[in-house]
Structure formats: C-alpha cells, structure tokens
Amino acid sequence: MQQLPVFEITDQLKTSLSEHPIVILQAPPGAGKSTGLPLKLLQETWLQGKKILMLEPRRIAARNVALRLAEQLHEEIGEQIGYRVRFENKVSAKTKLEILTEGILTRMLQQDNALEHVGLVIFDEFHERSLHADLAFTLCREIQSVLRDDLRILIMSATLDGKELSSQLNDAPVIVSEGRQFPVTINYRESDEKISIAENVVKTIRIALNETSGDILAFLPGSGDIHRAQQMLEEQLTGISVQALYGDLSFDKQQAALLPDKNGRRKVVLATSIAETSLTIQGITTVVDSGYSRIPRFDHKSGFTKLETVPVSKDTADQRAGRAGRLGPGTCYRLWNAAKHLQLAEKRKPEILEADFAPTLLEIYHWGESNVEQLKWITPPPPASVSLAKKVLIALQAIEGNKITAEGKHLFSFPTHPRIAHLLHQSHKHQLTSLASDVAALLEEKDPLSKMNEADISL
C-alpha cells in the first residue's frame, strides 16, 4: 500500500477511536483520509468484527473511492469493499467496508434502528454540511446514546473548524494530519461582466495554458456552463484534451476526466463543485476558479427546491485552490479581485438553514420522534422551516396528532419528495399512473427538452 501522509497519525486515531465515541479528523486534500485510512481501521478490536460505513456527499466520489480502496486489496468491488448509491448496490456477504451516499444511510437507519452490524460510521467531507449528512449524523448520535454505546463515529474534513465542532460534541478529540500540500500561487483576475461565466473561464484557461505546465482543472457552476466552455475550447484550441466532469455523466466519461489522457496530451477538466473533494484527478497543477457554485435553495412560492448560482465562500475557494498543490507547487487563477475575496462569507451555510424540511421531517416522524427540537443537531433547523414542513405533511395526510399515519408510511416508501410521492400514490386511484409518472420525472429531474422548445407539458 502506498505510504500516505495520514498514516503518520493513524496510531493516534486508532487509540482515540478505542476510547471515545466521536473523533474528528482534519486532513488536507491528498492526505489519504478517504482512500487509505479506512483500510487501516478494518481489523481494530473495538469493531468486534462489525463493518464500517463511510459516507460520501456524491455518487461519483462514492464509486471512485470504493474502486481505489478495492484496488489496494487487489479485489473486485463487492468483496471486502462495496458501495451503495441511489438505484445501485455492489455489496456482498463478504463486504466489511461500504461506501455510501448520504441519503442511503438515512434509509438504512430506518430499516435497522440500531445498526447492529456496524461498528464505525465515517462522515467524509463533513464540511459540506448537506441536510442528509446532518440528519444521518443526528440519528447516529441518537443510536449511540440510547442503543449502542459501542458505536463509533469519525468525522473527516479538510476545511472544518475542528475545535468549534468539538465544543458541540462533548469535547470530542480533534486529530490533525498536516498532509503534504505544496504551496499554491494565487492570481486574482477581475472577470469581465460583459461576457458570460463560461467565456471568462475560457479566456483565463487560455492564459493558464501559456503561463503554466501540467493539466488544468476549471470550476464552473453547472453543466450548462461546462458545455458552453467545452465547445469554445474545442473550437479555439487543438492538441489538448478537454473533459467535462459533473454528476450526470456516464461512468466512462467521468473516468476519462479523472485519468491522464491516453495520448499524452495536456488535459483541461471542466468541473462543477463535484471536483472540490474526495476525487483525485491525476496530473492537475493549475486551477481556474470561476468563483461560483450552484446550491439547492427552497422556493416557498413553488414549494420545491431549485438550484441557484451563488458566489463561493472562502473555505470553498481554499478547497478548490488546494487541488493545484497536490503534485508540487501549483497555480490558482481566481476570477475575482483581492478586495472582493475579503467580502466573501467565511464558510458555506449548512443546507439545513435553507432547505425544504418536509422530506426530513417525514424521515424523523418515521423514525419515531415528533419533537424535532429534542434531537441533537449540530445546527438546528429554523422553527419557520419546521412549521411549514409540518403544514405540508398534514395537508398530505402524512402526519396526524404528532404521529406518522399509514398514508405517511406509504409516502415514505417512495424515494422522492412527499409531494411527488402523494401525486404518484393518488394517481393510482384515478387510473392516471402513466401521466403522473411522467409529471413526477419532469418535476424531480431536469427538463429533457432544449430551451428552444415551448414550455408545453404535452411535448
């Protein structure tokens, strides 16, 4: 096994996990916390032969981390190392370490309230603070305090404030791995407001190609910006490989972005925030950061969550820049000026503060808890969000008198928002299942037609 920086603190971490229910690990990108450390913990006596679950924020990270771990054991996926993501499961009776996306764990918790066969739950990249991760962490703490004092929790992150989090978790020990991050030179470049984000990024990539060597990773808000930038680069430049990287791509295309170009050409990877963490993209020495990301925000008018393009926070910008310093000294081009950087928010907001809380509240009622405030949240949900979510669930007849109803349990069985689950359930009574399925897909996923088409649902 490759000698990784995180191995220097492995013995200390093992001791802390044997003595404490919750441990926090701070380690920079490339230290090996995701792709090396879990293998070092598989034989620990305090596991008592039980398995390890490790949560990743995204499907692409879950699959690739699992592949990397299995390769080190010279095994196929599904033997000692497996993964579960939405609609895909590669585990077996032999599996000792499962890599999961966050929503999968909350469903597992509902089926096995004690996690009887699990000895350790690892929350990787916890600084992203997704709603699913917050809920899963909260429920795991409930299991620890009520049913399983032997269950261990390990929180891992590169940019998390370990001391602040420790103070909320009964002074949980914080272990720091220094890693081997090389210095990154930051170049601030004011973006041209007269042209699009994609055009600004392409313009800066062309400068970076002349001023630096090695492969380039560029961060853009979404897949639409990526496609526009890719088209411009392929029209303007020859002799380089331009690869896209975002969640909806096929596995083969994602691998093409992560691995060196087969023909030895210089590579430009155009990525969403998916490339900030967990994934190792080989050969990257330069980062171009648009300064924007797309995040989910609840729209009270429509009752649904939509993606909004917003400026990044300082911790996100640091995480992105760090991608340039894994192989050696690197360079990061930021498409904003130094004065604007000082005005950025220090940290990204936890999703729980802005998300639609209805699906989470249904999860909590199904768990058997009706008093949200009683749960041990890292960041409690806003009372207004809880109140609105309760009204939605009452209207859907999912809860009544602070208890989940039979209807609520049925809606919970659908892997979708309670509103859409209600649509699908009711459609069966009116013999409109086919139409309801189409409408549900359109509401939950992206518009399958181009912007040139009219907004006519019959199309």
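Start with the sheet: eight strands make an open sheet with mixed pairing, in the order S4-S3-S5-S2-S6-S7-S1-S8. Strands here are DSSP E runs of at least two residues, helices are H or I runs of at least four, and both are numbered from the N terminus; two strands pair if DSSP finds at least two bridges between them. You're looking at a predicted model, where local features need pLDDT of at least 70 and side-chain atom pairs count only at pLDDT 80 or more, while totals for chains, interfaces and linings use all residues. Residues are numbered from 1 along each chain as its sequence is written, and side-chain values use heavy atoms, leaving out hydrogens and water.

Now select the edges, S4 (88–90) and S8 (174–176): each has a single partner strand, so one side of each lacks a neighbour in the sheet. From one strand to the next, the twist averages 20° (axes are lines fitted to C-alpha atoms, for helices over the stretch in contact; angles run from 0 to 180 degrees between N-to-C directions).

Next, pick S1 (residues 22–26) and S7 (residues 152–157), a parallel pair joined over five bridges. Zoom in on Ile-24, which sits opposite Ile-155 in S7.

Contact means heavy atoms within 4.5 Å.

Last stop: Asn-200, in helix H7 (residues 197–211). Is Asn-200 buried or exposed? Asn-200 is buried, at 7% relative accessible area (buried is under 20%, exposed over 50%, partly exposed in between, with a 1.4 Å probe and protein chains only). Leaving aside residues up to four places away in sequence, Asn-200 touches Ser-191, Asp-192, Ile-195 and Leu-335.
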